[in-house]
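Work through the two exercises below with the coordinates open. Each task is followed by its solution.

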Amino acid sequence: MPRVYNFSAGPAALPLEVLERAREEMVNHNDSGMSVMEMSHRGKEFLAIFDHAETGLRDLMQIPDNYKVLFLQGGASSQFAMVPLNLLRGKTGADYIHTGMWSKKAIAEAKRYCAVNTVFSSEDVNFNRVPRADELHLDTNAAYCHMTFNNTIFGTEFHYIPDTGDVPLVTDASSNILSRPVDVSRFGLIYAGAQKNIGPSGLAIVIIREDLVGSAVDFTPTMFNYETHVKGNSMFNTPPTYSIYIAGLVFEWLRKKGGLVEIEKINIRKADKLYSCIDKSGFYSCPTEPESRSRMNVPFTLSDSGLDEKFLEEAKAAGLVTLKGHRSVGGMRASIYNAMPEEGVDALINFMEEFERKYG
Ligand SMILES: *Cc1c(COP(=O)(O)O)cnc(C)c1O
């Protein structure tokens with residue numbers, strides 16, 4: 001079986017160049033005589049790998065000096081609890097923008113610790129859009145405001161950053177981090193599980209403004225306190241060393257591609273051509289509102305859902321895999337993160353057009 005075009009929502013495709021480099025270095029990294037997995041996280045060999053990853057991310061995202069970068073475990077889901085535990089700072093409530101399954105989980109977790117003010121919900125339209133800026137009526141007294149930057153399951157994305165004034169804006173950027181330049185200074189905290197656009201699952205990246213560190217509620221478990229990880233430089237306990245190494249290689253790969261400005265251009269091209277293939281056909285349709293459409297996850301349905309199985313089977317035979325949509329949307333979902341080459345999107349479009357000619 002040759003390499004396929006893998007449209008999985010996560011864990012998702014990684015750049016082939018990164019995988020090949022990791023393979024080359026697997027058993028003997030940089031003449032150390034051992035693999036990265038076997039190194040002490042306190043040794044100078046690994047510290048250089050760690051520094052390469054952090055510097056790589058800081059350069060790509062132009063993270064200001066008053067922000068800490070943390071490499072944590074527990075995926076993005078642990079952040080659903082860590083955010084309220086650390087950011088309430090004596091306040092009793094937080095604003096949440098409810099745009100999908102992940103925000104639902106974030107809200108459920110936050111409710112264990114504070115009053116959640118759901119400032120917007122698109123649940124009644126099966127999350128087919130994110131709010132417009134003028135629909136957000138935020139509480140100026142909220143401890144923070146939480147948004148899901150890109151809704152992986154429903155295929156919607158914010159194309160603007162909500163203005164929350166002095167209230168820190170927190171975002172779950174798991175599925176669109178590094179897909180475009182963002183002004184980090186607009187956020188109090190950005191978090192992301194790695195398995196969509198960064199590297200192996202399990203690793204989570206947190207970018208947090210310094211002044212938000214150090215006020216966790218008393219009963220916060222040590223491992224859930226950002227201060228622990230800031231003080232320990234992400235090494236309070238043994239960090240996910242191999243995942244950090246891979247993330248560093250992905251950051252380097254992105255830099256060589258021209259950074260976030262260049263990858264955004266490619267991502268816009270990829271998404272535009274896929275959406276236009278769907279929109280111009282009478283056979284495929286996309287359930288999301290055009291202004292809210294995600295560049296990373298493209299859900300679409302076939303006019304006859306009886307053809308879904310055939311579509312998936314024939315796509316697989318053509319080397320296009322993991323296109324089955326999430327059960328809450330149905331149909332198909334093509335996840336086209338940074339590592340999906342433009343040729344992969346072209347191959348999908350050709351396949352879709354051919355399939356429509358045969359069965360449409
Ligand atoms: C995948 C995903 C998560 C969950 O990440 P885990 O690492 O599995 O906890 C959370 N939020 C968003 C937006 C996601 O896409």
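Predicted model: local features only at pLDDT ≥ 70, side-chain atom pairs only at ≥ 80, totals over all residues.

**Exercise 1.** Describe the interface of domain 1 and domain 2.

Solution. 

Step 1. List the contacts. On domain 1, 27 residues touch domain 2, which contributes 25 residues. About 2200 Å² is buried between the two domains, with 55% of it on carbon and sulfur atoms.

Step 2. Assign the domain 1 side to elements. Those giving two or more residues are α2 (44-61), β6 (150-151), β7 (156-157) and α6 (241-256). The largest share, three residues, comes from α6.

Step 3. Classify that side of domain 1: 10 nonpolar, 12 polar and five charged residues.

**Exercise 2.** Which residues come nearest to the ligand, and which atom of the ligand is 2.6 Å from an N or O atom in the side chain of D172?

Solution. 

Step 1. Collect the surroundings. There are 13 residues around the ligand, and S77, T152, D172, Q195 and K196 come nearest.

Step 2. Check the side chain of D172: one of its N or O atoms lies 2.6 Å from a nitrogen atom of the ligand.

Step 3. One is 2.6 Å from a side-chain N or O atom of S77. For K196, a side-chain N or O atom is 2.7 Å from an oxygen atom of the ligand.

Notes. Residues numbered from 1 in each chain as written. Heavy atoms only, no water. Contact = heavy atoms within 4.5 Å. Buried area = accessible area lost by both parts, 1.4 Å probe. Helix = DSSP H or I, 4+ residues; strand = E, 2+ residues; numbered from the N terminus. Nonpolar A, V, L, I, M, F, W, Y, C, P; charged D, E, K, R; others polar. Near = heavy atom within 4 Å. Polar contact = N/O pair within 3.5 Å; in protein donor to acceptor, adjacent residues only side chain to side chain.
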